[in-house]
Amino acid sequence: MTNNINTLIRKYLSGDISDDEYQLLSETLANDKNTAKHLEQMTEADDLTKRYKEYASVDTDAALQKFIEQYVNEGETDTVKTSEARVFSPRFYRIAAVILILLVGGAFWYHREYTRVTPPVITEEVQLAMEQSRESGRAGADIVSSVTSRQQVISKEECDLYHVDEGFVEQLEEAKRITTRHDKEYWVTLDDGTLVHLNYNSRLIYPEKFGDRRDVILDGEAYFMVAKDKSRKFVVHTPQGDVKVYGTEFYVKTDSSSSTGEGSIVVLVNGSLGFTPPGGKQQKLVPGQLCRIINNQCTVEDVDIELYVAWNTGSFVFDNVPLSKLMAVISRWYDYQVVFNDEKAAQTMFTGNLDKYQSIEPFIEIIEQVTQLDITLKDKLIIIDKK
């Protein structure tokens, strides 16, 4: 019934309502009980939003002219009794008053819902990881603000690299640049409540205050927990393309060097997003999918998102990776050099989760037990040999 009333009110506003439809609308709102009942049903937030969208589709200028011609002008003569009754009866004013309430309420709710910003939910696991990072001395970054330094935080060459337009460059006149070192990570909360977890050797550039858009720049590795905002997309500019979302969780790792062959990746944890390479078409992802970008081409595959969620909550997660790749991560994080005295040892596969915030010794013990290799720590060196 509510949907029928919505349609009748829209026709009423546009002047397209027939005599029978007008009679039905009149009877529906004929007495106080019915009016109160339908107002209660129709002023639910979701329904008001839908109704306001339907009413807003009416061509108001044309509708007003038609309304005057059909109802007011006809009411000036005695020849059209039905129209005369519509204009001058108390029922007419009752309908007009109810519609006004619904229109005003719908506009209010629609505006509120459309412009509402909902910060992400920060779980206990994420909060614990943030605390452990600070307590272990891992949380840290170099932060430059254009407001305090009185200089632009991004160069023209970088703007070209990240494919940003003039509108975004204007917002970066008051911006921050956060850069993490090889053994540090950093959490930052943006103006809208979005939480970004930067890994080591990463850079994030973002406006101090978001305006009519929410754009940031990333080079490196980060996990995003984006505040929901239906009126403004959240865009992450990278050298390999743009990630566009409304409110979601996702992981991004850029690869500026083509020598590794791994490419850049975007992993969607929940929500929805699209990745657009420079000059290419947008590739949409669903939760549990990874987009691997090599030579501006996006290849989509299904992945276990727990690997990336675990990284965000304080673990190194390795899923059947060669020891050479694992040690590349460990050596950067703990500032050690790795020496393989046995070439075959570098290709030994490893699967497991390791706590990022513990010391290196327990790490090495676990890896040694799993791989059955001889691993020694000496003078900032990790020496690996067969037993």
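**Exercise 1. Contact range and overall make-up**

Task: For contacts between residues at least 6 apart in sequence, find what share joins residues at least 24 apart, then describe the chain as a whole.

Solution. Step 1: of the contacts in the protein chain between residues at least 6 apart, 58% join residues at least 24 apart. The model behind this value is predicted. Step 2: the secondary structure consists of 14 helices and 22 strands. Step 3: the chain has 387 residues, and 44% of them are buried. Step 4: the accessible surface is about 20,200 Å², with 49% belonging to carbon and sulfur atoms.

**Exercise 2. The faces of helix H8**

Task: Determine which residues of H8 are buried, how they are arranged around the helix axis, and what covers them.

Solution. Step 1: H8 runs over residues 124-135 and has 12 residues. From first to last C-alpha, H8 reaches 16 Å, close to the 16 Å expected at 1.5 Å a residue. Step 2: Val126, Ala129, Met130 and Ser133 are the buried residues of H8. Viewed down the axis of H8, these buried residues fall within an arc of 100°, so they line one face of the helix. Step 3: this spacing can be set against helix geometry. An α-helix has 3.6 residues a turn, so residues three or four places apart point the same way. Step 4: the face turned away from the buried side carries the exposed residues Glu124 and Glu135. Step 5: the cover over the buried residues of H8 includes strands S4 (186-189), S5 (195-198) and S8 (221-225), along with helix H12 (306-312). Step 6: after H8 comes glycine 137, with a positive phi near 80°.

**Exercise 3. The nonpolar cores**

Task: In the largest nonpolar core, identify the residues that touch the most other members and the helix that gives the most to this core.

Solution. Step 1: this core has 38 residues, and Leu326, Met327, Ile330 and Ile382 touch the most other members. Step 2: helix H13 (residues 323-334) gives the most to the core, with seven residues. Step 3: beyond its neighbours within four places in sequence, isoleucine 330 contacts Phe316, Asp335, Ile360, Phe363 and Ile382. Step 4: a second, separate core has 26 residues, among them Leu204, Val252, Leu273 and Leu285.

**Exercise 4. Arginine 177**

Task: Is arginine 177 buried or exposed, and which side chain does a polar contact join to it?

Solution. Step 1: arginine 177 lies in strand S3 (residues 175-179). Step 2: its relative accessible area is 15%, and buried means under 20%, so arginine 177 is buried. Step 3: a polar contact of 2.8 Å joins its side chain to that of glutamate 158. Step 4: leaving out residues up to four places away in sequence, arginine 177 touches residues including Asp142, Val153, Glu158, Arg203 and Leu204. Leu204 is also a member of the second core.

Key:
Residues numbered from 1 in each chain as written. Predicted model: local features only at pLDDT ≥ 70, side-chain atom pairs only at ≥ 80, totals over all residues. Heavy atoms only, no water. Helix = DSSP H or I, 4+ residues; strand = E, 2+ residues; numbered from the N terminus. Buried < 20%, exposed > 50% of the residue type's maximum accessible area, 1.4 Å probe, protein only. Contact = heavy atoms within 4.5 Å. Areas by Shrake-Rupley, 256 points an atom, 1.4 Å probe, with all protein chains shown as cover. Expected span 1.5 Å × (residues − 1). Arc of directions from axis to C-beta. Core = buried A, V, L, I, M, F, W, Y, C linked by side-chain atoms within 4.5 Å. Polar contact = N/O pair within 3.5 Å; in protein donor to acceptor, adjacent residues only side chain to side chain.
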